[in-house]
Amino acid sequence: VILTTQEKSKEESRLISLLKDATEHFEQNFKKSPEAREYILGRGITEETVSTFHIGYAKNEWRDLFMYLAQKGYQPEEMMEAGLVIEAKDDHGKTKGWYDRFRGRVMFPIRNVSGATVGYSGRIMPSLVDPTVAQGKYVNTPETPLYHKSKILFGYDKAKKMMADKKSVVVVEGQMDLCMSYQAGVHNTVAVSGTAFTDEHIHIIKRFC
């Protein structure tokens, strides 16, 4: 299906609204989770930094976010397109339901240049690490109409002004490093998320320095 420019813009606006609601839900979860708060604050991240980067928490439940967004009026297909849920199929290939992609993870919203959430990087809680199961420490949003990991940098929306002022940038790997760098007053810092540093990343950086 080829969408017109107007249809594409409408679809993207809808997905941005969905991701905004998801981010707010994760933030509320974080405020109510002693374990998630203890982990993040124990890593040296302050309450102010948590608020600045909208750090949240995905409960260790199969359908917490799905049910929340469904009650908000979003369709499963929209949640899938945003990279938030996964379709479960039976042996005949028929859809039997949907479940949350992110479970039991501290959530770092990844934002575009305008500051709108387009994806996430979720860090598994240490208490849920199972050495007998193959699981990534971080799970990132897959490629979506809004999120292209080779073309987006975590923290870029916050760093761009200081990058332009200082005519320089600090590139780190991962959200935690960026949060700590920003917290230490180095505000011209960006981070790559689950990918190599690409030519597209260099092009984005060169807009400001």
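**Cysteines, sheet and overall fold**

Visitor: C179 first. Buried or exposed?
Guide: C179 is buried, with a relative accessible area of 0%. Buried means under 20% relative accessible area, exposed over 50%, and partly exposed in between, using a 1.4 Å probe and protein chains only.

Visitor: What am I looking at, and what are the ground rules?
Guide: This is a predicted model: local features need pLDDT of at least 70, side-chain atom pairs count only at pLDDT 80 or more, and totals for chains, interfaces and linings use all residues. Residues are numbered from 1 along each chain as its sequence is written, and side-chain values use heavy atoms, with hydrogens and water left out.

Visitor: New topic. What is the strand order in the four-stranded sheet?
Guide: β1-β4-β5-β6, open, with antiparallel pairing. Strands are DSSP E runs of at least two residues; helices are H or I runs of at least four, and both are numbered from the N terminus. Two strands pair if DSSP finds at least two bridges between them.

Visitor: Which strands are at the edges?
Guide: β1 (56–58) and β6 (138–140), each pairing on one side only. Neighbouring strands are turned by 35 degrees against each other on average, direction ignored.

Visitor: How many bridges between β5 and β6?
Guide: Three, in the antiparallel sense; β5 covers residues 117–124. G122 stands opposite V139 in β6.

Visitor: Which strands does α1 touch?
Guide: Helix α1 (residues 5–32) touches β1, β4 (105–111) and β5, and its direction makes about 90 degrees with that of β1. Contact means heavy atoms within 4.5 Å. Axes are lines fitted to C-alpha atoms, for helices over the stretch in contact, and angles run from 0 to 180 degrees between N-to-C directions.

Visitor: And where does α7 lie?
Guide: Helix α7 (residues 175–183) lies across β4, β5 and β6, at about 70 degrees to β4.

Visitor: Zoom out. How many helices and strands in the protein?
Guide: Eight helices and eight strands. The radius of gyration is 18 Å, close to the 17 Å of the globule rule for 209 residues, so the protein is as compact as a globular protein of that length. That radius is taken over C-alpha atoms; the rule is 2.2 Å times the number of residues to the power 0.38.

Visitor: What share is buried?
Guide: 42% of the 209 residues.
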